[in-house]
Amino acid sequence: MNLSTPIEDVPNIGPVYKKRLKKLGINTINDLFFHFPRRYEDFSNLIPIEKLKINEVSTIQGQILAIETTKSWRKKIYVTEAVIKDKTGAVKAIWFNQPYLTRSLKVGDNVFLSGKVIISKKGTYLSNPIHEKGDSASWRTGDLTHTGRLIPIYPETVGLSSRWIRYILKPLLVHLEEQIYETLPKEIIKENDLMPINKALWEIHFPTTLKLSQKAQQRFSFEELFYIELFVLRERNRLSQEKSIPLPIKLDVIQDFVKSLSFKLTDAQKKSSWRILKDLEMPRPMNRLLEGDVGSGKTIVAAMASLNTIKQKYQVAFMAPTEILAKQHFGEVARLFSDFKVNIGLLTGKQDQFRSKKLKNQIIEISRKKLLEKTLAGEMDILIGTHALVQDKVKFGKLGLVILDEQHRFGVKQRAKLCQNQEVVPHLLSMTATPIPRTLALTIYGDLDLSIIDELPKGRKKVITKIIPPKERQETYQFVREEIKNKRQVFIVCPRVEKTEDEEQMSEAKLNWAKVKAVKDEYERLSKDIFPDLKLDILHGKMTPKEKERIMLAFKNKKIDILVSTSVVEVGIDIPNATIMIIEGAERFGLATLHQFRGRVGRGEHQSYCLLFTDSFSPKTRQRLKALITSEDGFSLAEKDLEIRGPGDFKGAKQWGIPDLMMSSLKDISLVEKTRELAKQILTDDPYLRKHPYFLDKLKQFRERIHLE
Ligand code: ADP
Ligand code: MG
């Protein structure tokens with residue numbers, strides 16, 4: 001047996017467990033070693049029975065005097081009761097619904113039990129303690145796996161308990177420890193005072209002290225960030241060596257375009273467009289992320305880049321996350337280019353559309369076949385669509401620029417698809433309304449150049465944000481009524497259903513179901529009890545994309561007064577007539593998410609409101625929600641969010657497959673900078689990593705990990 005032994009060849013792992021492990025991405029013993037716990041339970045307080053205290057977590061060691069399982073008929077649950085004694089006394093232990101315990105635990109057995117003593121109707125007893133066989137004479141705490149020490153709790157999936165993982169993992173670590181080689185160069189380990197890998201693996205799974213487990217985490221965090229940096233910097237280097245089409249700035253056209261607008265560009269828009277136009281002039285592909293709050297006017301910037309590309313006789317592919325957004329962009333682009341001769345196509349699931357310059361910019365329906373022919377022939381100047389653009393059938397004649405709206409990480413594979421039959425790599429402009437904190441911009445987005453539109457067009461009405469305590473609920477509903485009487489529309493977002501620590505076992509499917517239930521209940525309540533006379537409808541993640549689209553369109557066309565939804569309300573959809581955004585259970589959402597919701601309103605000429613419903617009076621919640629009232633700046637809100645809630649909430653962060661335990665290192669700017677510097681140095685000395693074959697291997701794994709989608 002060695003580290004690359006397939007997991008199913010390990011004794012005690014049958015096909016059922018193999019399947020479950022594969023679900024977690026664990027295929028080999030090595031993968032199991034790098035499946036890190038999310039937290040630890042501290043059972044290291046080993047005490048005599050007479051010293052047990054109510055409600056305190058501790059461990060005892062003793063002999064079983066009696067043990068029996070009975071079934072309570074009334075409640076239909078199994079109850080296992082035992083009495084355990086040591087030299088100082090005896091104590092009762094009770095387990096619920098674990099009848100199999102009496103198969104392994106017998107009278108006379110020596111055991112360790114870890115848990116809490118509680119008092120209830122049944123008396124004073126250890127409640128559902130974790131057990132492990134052993135007597136005090138032959139065991140030292142270091143030998144224990146499940147009790148009497150710090151024990152690891154793993155991210156769980158159905159049917160894979162932490163206990164089972166510990167049981168499999170520990171003997172493997174003992175057995176294979178010698179075979180684990182150091183993965184970081186000696187100098188790096190030394191200079192940064194990192195724990196060597198063998199020790200770190202032991203300490204992260206079975207820590208001797210919390211401090212040492214932290215030191216182990218530090219080592220793996222360092223390594224994780226270092227690989228991310230190495231990956232993104234190398235990607236950057238690689239792209240800078242690719243060839244692309246230099247597209248010189250057509251200043252006259254750009255000036256005509258700017259003149260044709262009914263408003264003045266903001267300084268931030270000018271600055272970012274200039275950067276982008278400059279990038280397009282280069283003989284290597286642009287790779288730029290344009291970040292700007294909802295409504296900051298990113299589309300205009302994208303349009304300018306498109307126009308320049310078209311006037312240099314190249315084509316533009318413009319990809320949106322949903323069909324409704326693709327249609328919206330088509331309409332917007334057609335409007336912006338109304339004075340310019342540009343062929344624009346819309347590739348959707350159903351009716352493809354085409355705006356032809358020959359037909360005096362009329363919009364017509366067109367067959368898919370024709371649309372694709374025109375695209376291949378290079379006649380189509382801009383083709384707008386969803387993921388449908390990355391199909392084999394869609395081939396561009398002369399693709400110069402790819403624009404992605406809200407596609408957080410567009411795989412290299414997909415880009416390659418768009419480039420098929422292109423001689424050179426097209427330029428790439430990615431746009432997002434999600435503000436990305438600095439540490440994340442330097443890590444998971446580190447392969448992209450960044451432009452930020454940090455300024456909203458002048459004269460926008462501020463969305464009025466308010467915290468609504470329970471006693472003002474009725475009043476607020478009255479206000480909603482008045483707005484609807486004035487022909488406005490309203491969003492109501494239902495609370496996020498969260499897994500609590502106790503519900504750790506709650507599966508994803510169950511969680512989704514809980515969300516749907518929450519939104520359905522709220523919808524029922526509102527349409528029966530509160531607004532029986534108004535038109536309400538519902539939107540949630542369990543609906544098919546078609547259903548969702550139908551509802552959004554109906555809302556856009558004012559067929560619905562109030563849209564009750566889960567957090568699926570898509571980013572970017574323009575409903576200028578919606579003026580109220582109500583968020584139920586606002587305390588459960590991150591600030592950045594709340595800010596995104598707020599961005600759904602305030603897009604038209606009318607005064608808009610964002611109303612945060614909350615029952616929570618905790619000072620921390622208040623403080624957090626108040627930040628939203630005082631700040632309109634998505635960036636500072638995102639930074640705050642990262643501070644308070646950690647990076648797990650950021651789309652993109654999850655995709656990198658960073659273990660939960662290491663996620664918090666994405667907040668640590670000094671660690672980010674340190675590892676970035678190191679990766680830079682290594683790449684300067686050895687751009688192709690010829691001296692570091694291990695790194696190359698790791699990067700290959702990385703590539704597979706993040707381009708899965
Ligand atoms: P987003 O960044 O959310 O994609 P859009 O590009 O959709 O924003 O722009 C939002 C709205 O603001 C559009 O109706 C657009 O025409 C308008 N807009 C864009 N730039 C300006 C500006 N400089 N001044 C006034 N209105 C603008
Ligand atoms: Mg947009």
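Me: A residue counts as exposed when its relative accessible area is over 50%, and as buried when it is under 20%. The model here is a predicted one. Why is Asp-193 called exposed?

Reply: The relative accessible area of Asp-193 is 51%. The cut-off is over 50%, so Asp-193 counts as exposed.

Me: Where does Asp-193 sit, and what is its phi?

Reply: Asp-193 lies in the loop that runs between helix H5 (186-191) and helix H6 (197-205). Its phi is positive, about 50°, although Asp-193 is not a glycine.

Me: How do you know that Lys-487 is exposed?

Reply: Lys-487 has 64% relative accessibility, and therefore it counts as exposed by the cut-off of over 50%. Lys-487 belongs to the loop between helix H15 (473-485) and strand E18 (489-493). This residue, again other than glycine, has a positive phi near 75°.

Me: Why is Ile-300 called buried?

Reply: The relative accessible area of Ile-300 is 5%. Buried means under 20%, so Ile-300 is buried. It is part of helix H10. Between its C-alpha atom and that of Asn-343, 43 residues away along the chain, the separation is 17 Å.

Me: What makes helix H10 largely enclosed?

Reply: Of the 14 residues of H10, 13 are buried, so the helix is largely enclosed by the rest of the structure. Lys-313 follows H10 and has a positive phi, near 70°.

Me: How do you know that the span of H10 agrees with what its residues should give?

Reply: The expected span is 1.5 Å times one less than the number of residues. For the 14 residues of H10 this should come to 20 Å, and the C-alpha atoms at its ends are 20 Å apart, so the two agree.

Me: How many residues does helix H11 have, and what does it reach from end to end?

Reply: H11 (residues 323-336) has 14 residues and reaches 20 Å from first C-alpha to last, close to the 20 Å expected.

Me: What makes H11 mostly covered?

Reply: In H11, 10 of the 14 residues are buried. Among them are Glu-323, Gln-328, His-329, Phe-330 and Val-333.

Me: How many cavities of 30 Å³ or more are there, and which residues line the largest cavity?

Reply: The count is one cavity of 30 Å³ or more. The largest cavity has a volume of about 30 Å³. Its lining consists of Thr-299, Ala-302, Ala-303, Ser-306, Phe-318, Val-333 and Ile-382. Helix H10 (residues 298-311) gives the largest share of that lining, four residues. By type, the lining residues are five nonpolar, two polar and no charged.

Me: Which residues touch the most other members of the largest nonpolar core?

Reply: The core has 94 residues, and Phe-257, Phe-337, Ile-382, Ile-562, Ile-583 and Leu-594 touch the most other members. The largest share of this core, eight residues, comes from H10. At least three residues of this core come from each of domain 2 (251-453) and domain 3 (464-631).

Me: Which domains does the assignment give, and what separates the centres of domain 1 and domain 3?

Reply: The domain assignment lists domain 1 (45-148), domain 2 (251-453) and domain 3 (464-631). Taken over C-alpha atoms, the centres of domain 1 and domain 3 are separated by 48 Å.

How values were computed. Residues are numbered from 1 along each chain as its sequence is written. Chains are lettered from A and ligands numbered from 1 in the order in which they are written. This is a predicted model: local features need pLDDT of at least 70, side-chain atom pairs count only at pLDDT 80 or more; totals for chains, interfaces and linings use all residues. Side-chain values use heavy atoms; hydrogens and water are left out. On a 1 Å grid over the protein atoms alone, a cavity is a set of points where a 1.4 Å probe fits but cannot get out, and a pocket is an open set with protein on both sides within 12 Å along at least five of seven lines; lining residues have an atom within 4 Å of a point. Grid points are joined across faces, edges and corners, and a volume is the space filled by probe spheres set on the points. Helices (H or I, at least four residues) and strands (E, at least two) are DSSP runs, numbered from the N terminus. Ala, Val, Leu, Ile, Met, Phe, Trp, Tyr, Cys and Pro count as nonpolar, Asp, Glu, Lys and Arg as charged, and the others, Gly among them, as polar. Domain bounds come from an automatic or database domain assignment. Buried means under 20% relative accessible area, exposed over 50%, partly exposed in between (1.4 Å probe, protein chains only). A nonpolar core is a set of buried Ala, Val, Leu, Ile, Met, Phe, Trp, Tyr and Cys residues joined through side-chain atoms within 4.5 Å.
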